[in-house]
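Student: Let us go through this model together, from the whole chain down to single residues. Please show it first.
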Amino acid sequence: MSSSEDEGGEEYLFKIVIIGDSAVGKSNLLSRFARNEFNPHSKATIGVEFQTQIMDIDGKEVKAQIWDTAGQERFRAVTSAYYRGAVGALVVYDITRQSTFESVTRWLDELKTHSDSSMARMLVGNKCDLESIREVSVEEGKNLAESEGLFFIETSALDSTNVKTAFEIVIREIYNNVSRKVLNSYSYKAELTVNRVSLANNGGAKQTQGRFSCCS
């Protein structure tokens, strides 16, 4: 994640990864969100691909760089490096394949290993248009999301159901997280300034020893 400030105000760039087993529909979720396209014959992603989307949040231009990671086991060593710098993740399973849902905990463990704990995370049950062959209930998805502290939504890349909503929730949550950090930073700086004034007036650093702690 990065943010910069210029004459036009603040600009934010957030890196988001889409992870999950092969063939759960990660690439089509991204193509539906980024280009409003769906390819029923899409091939497995090799390595990593990404798209950049722009949103306006509270008058700020927010760019989301969304990375589509390969789900096949043989590419996991390659894609693990791409978690670096990510501040959001969509963990996707296929509601018609129980095995992909069972893999979610492994993907979450990988996120915890490679990413910051403050990352915005959403559990996505894709292919909800295939209700007649569903293997994973909505309740199962909700319960797992609740136990892991995740957002939860079911989507269909085929008919666009909730696709835009899923990405926008994650992007807005990242923005809110960053805004809170900025406010906390301003609060810390303000307190530090008051402390400096206190030091100058009272003539000694020892009076404030251990008063502040700061972590990035």
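Student: What does the accessible surface of the protein chain come to?
Tutor: This is a predicted model, in which local features need pLDDT of at least 70, side-chain atom pairs count only at pLDDT 80 or more, and totals for chains, interfaces and linings use all residues. Residues are numbered from 1 along each chain as its sequence is written, and side-chain values use heavy atoms, with hydrogens and water left out. Accessible areas come from the Shrake-Rupley method with a 1.4 Å probe, and for residues only the protein chains shown count as cover. Carbon and sulfur atoms hold 49% of the accessible surface, whose total is about 11,800 Å².

Student: How many of the 216 residues count as buried, in percent?
Tutor: Buried means under 20% relative accessible area, exposed over 50%, and partly exposed in between (1.4 Å probe, protein chains only). By that cut-off, the buried share of the 216 residues is 41%.

Student: In what order do the elements run from the N terminus?
Tutor: Helices (H or I, at least four residues) and strands (E, at least two) are DSSP runs, numbered from the N terminus. The protein chain has six helices and seven strands. Their order is β-β-α-β-β-α-β-α-α-β-α-β-α.

Student: Which residues of H1 are buried?
Tutor: Helix H1 spans residues 26–35 and is mostly covered, with eight of its 10 residues buried. After H1 comes asparagine 36, which has a positive phi near 55°. The buried residues of H1 are Lys26, Asn28, Leu29, Leu30, Ser31, Arg32, Phe33 and Ala34.

Student: Is asparagine 126 buried or exposed?
Tutor: Asparagine 126 lies in strand E6 (residues 120–126). In contact, meaning heavy atoms within 4.5 Å, and not counting residues up to four places away in sequence, asparagine 126 touches several residues, among them Leu29, Tyr93 and Thr155. Because its relative accessible area is 2%, asparagine 126 is buried.

Student: Which backbone oxygen does the side chain of asparagine 126 reach?
Tutor: Val24 is among the residues that asparagine 126 touches. At 2.9 Å, the side chain of asparagine 126 reaches the backbone oxygen of valine 24.

Student: Why does leucine 150 count as buried?
Tutor: Leucine 150 sits in the loop between helix H5 (138–148) and strand E7 (151–154). Not counting residues up to four places away in sequence, leucine 150 touches Leu108, Arg121, Leu123 and Ala145. Leucine 150 counts as buried because its relative accessibility is 11%.

Key:
Polar contact = N/O pair within 3.5 Å; in protein donor to acceptor, adjacent residues only side chain to side chain.
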